[in-house]
Amino acid sequence: MKSYFIGIDVSKDTLDVCILNNTNEKELLLKVNNTLEGIEEMIRSSFDQQSDLHCCFEHTGNYGLLLARLLEDQKIPYYQVPALEIKLSQGIQRGKNDKIDARRIAKYVKTYSKDLTPYLLPEQILFKVKNLLTYRSLLIKVRTQFKNAKKSFDQLTKVQDVGYEMDDIAFRIEELNENIALIEKKIYYHISEQEKISRNFDKITKVKGVGFLTAAYMIVLTHNFTSFQNPRKFNCYAGIAPFEHTSGSSIRGKTKTSKLRNRRIKTILFNGANSAIIYDEELKAYYERKKQQGKAHNSIINAVCCKLVYRMFAVVKREEPFVNLTRYNLHMS
């Protein structure tokens with residue numbers, strides 16, 4: 001059976017496609033519209049579904065959703081890969097355009113297809129929750145801007161009448177508060193729609209330091225704890241897993257986390273960890289012990305984040321609720 005390696009460069013309006021054969025490196029280049037008709041034309045004219053197909057394209061947010069959906073409908077396996085991963089795998093490169101990018105993606109999937117796992121879109125409920133979380137984040141940023149503006153105008157009240165501006169800003173902030181609260185209700189409603197999602201959500205929110213927002217992001221980013229094989233891999237994705245930094249006998253750098261991370265979930269986990277060291281007796285004792293050893297606050301909080309992720313994965317895998325053994329032992333003694 002022939003194998004074909006298909007690299008697709010996705011943009012808002014078009015798809016550039018490069019198809020490589022596994023035998024003689026013959027390539028076919030084409031461009032189609034990023035529309036239902038264009039993608040169906042590409043599949044119909046270029047993909048022999050009796051062959052071994054390996055499609056690959058970069059994570060491009062919403063621009064690649066239609067392509068992913070239609071490939072799944074046709075039962076064509078595909079991989080979604082971070083753009084940086086493809087770039088770093090190519091070595092030194094010169095020049096860039098859509099055709100070149102498609103060829104580079106095709107060469108990448110031909111080289112690494114055995115190590116890649118086919119991608120699957122999350123359930124529709126998770127899509128809805130993800131979009132609501134994105135919109136909530138946008139409203140939070142706008143509300144922060146209004147709050148900062150309120151502080152600025154508050155200084156002006158000492159020398160000028162800005163009553164109208166202050167009233168309008170207060171109105172906007174209150175309106176945003178109501179919208180954010182409504183979005184959070186919608187998020188909870190959609191999570192409650194599906195029993196397995198709802199059950200995992202309830203279990204991980206029983207872990208001290210894991211609130212509503214942290215749990216919602218964890219459910220979405222892990223596809224309800226199905227897209228990461230273990231908590232260590234998720235910690236790498238979130239940028240909280242420590243890595244050694246040494247080379248031979250001359251380089252002895254500090255163990256540190258990678259800058260390649262999901263900044264949003266790392267911030268949320270840090271907030272949860274700061275709460276956990278106050279309310280969870282075991283983590284509070286751990287924090288105080290490390291502090292006495294001279295560890296920096298952020299270094300300890302990062303370790304607490306890792307512990308929270310391990311606890312969440314554990315309660316989901318065990319199908320049992322989280323039990324704080326420290327508190328239990330204190331009551332028994």
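Two strands are taken to pair if DSSP finds at least two bridges between them. In this predicted model, strand β4 (residues 52–58) and strand β5 are joined by 4 bridges and run parallel. Within this pairing, Glu 58 stands opposite Val 81 of β5.

Aromatic contacts were examined next. A pair of aromatic rings is described by the distance of the centres and the angle of the planes. The count for the model comes to 10 aromatic pairs. One of these is formed by Phe 234 and Tyr 237, whose rings lie 5.7 Å apart from centre to centre with 50° between the planes, an arrangement classed as tilted. Both residues belong to helix α9 (residues 231–238), where Phe 234 and Tyr 237 are 3 residues apart, or about one turn of the helix. The two partners can also be described by their accessibility: Phe 234 has a relative accessible area of 0% and is buried, whereas Tyr 237, at 31% relative accessibility, counts as partly exposed.

Phe 234 also pairs with Phe 313, and because the ring centres are 6.2 Å apart and the planes stand at 50°, this pair is tilted. Phe 234 is located in helix α9 and Phe 313 in helix α12 (residues 297–318), so the pair ties together parts of the chain that are 79 residues apart in sequence. Phe 313 counts as buried because its relative accessibility is 10%, and the cut-off for a buried residue is under 20%. Taken as a group, Phe 225, Phe 228, Phe 234, Tyr 237 and Phe 313 form one aromatic cluster.

A further arrangement involves a charged group and a ring, in that the charged end of Lys 307 sits over the ring of Tyr 286, at 4.5 Å from the centre of that ring.

When residues up to four places away in sequence are not counted, Thr 214 touches Gly 209, Ile 268 and Leu 269.

Methods. Residues are numbered from 1 along each chain as its sequence is written. This is a predicted model: local features need pLDDT of at least 70, side-chain atom pairs count only at pLDDT 80 or more; totals for chains, interfaces and linings use all residues. Side-chain values use heavy atoms; hydrogens and water are left out. Rings of Phe, Tyr and Trp (its six-membered ring) pair if their centres lie within 6.5 Å; planes under 30 degrees apart count as stacked, over 60 as edge-to-face and the rest as tilted. Helices (H or I, at least four residues) and strands (E, at least two) are DSSP runs, numbered from the N terminus. Buried means under 20% relative accessible area, exposed over 50%, partly exposed in between (1.4 Å probe, protein chains only). A charge sits over a ring if NZ of Lys or CZ of Arg is within 6 Å of the ring centre and within 35 degrees of the ring normal. Contact means heavy atoms within 4.5 Å.
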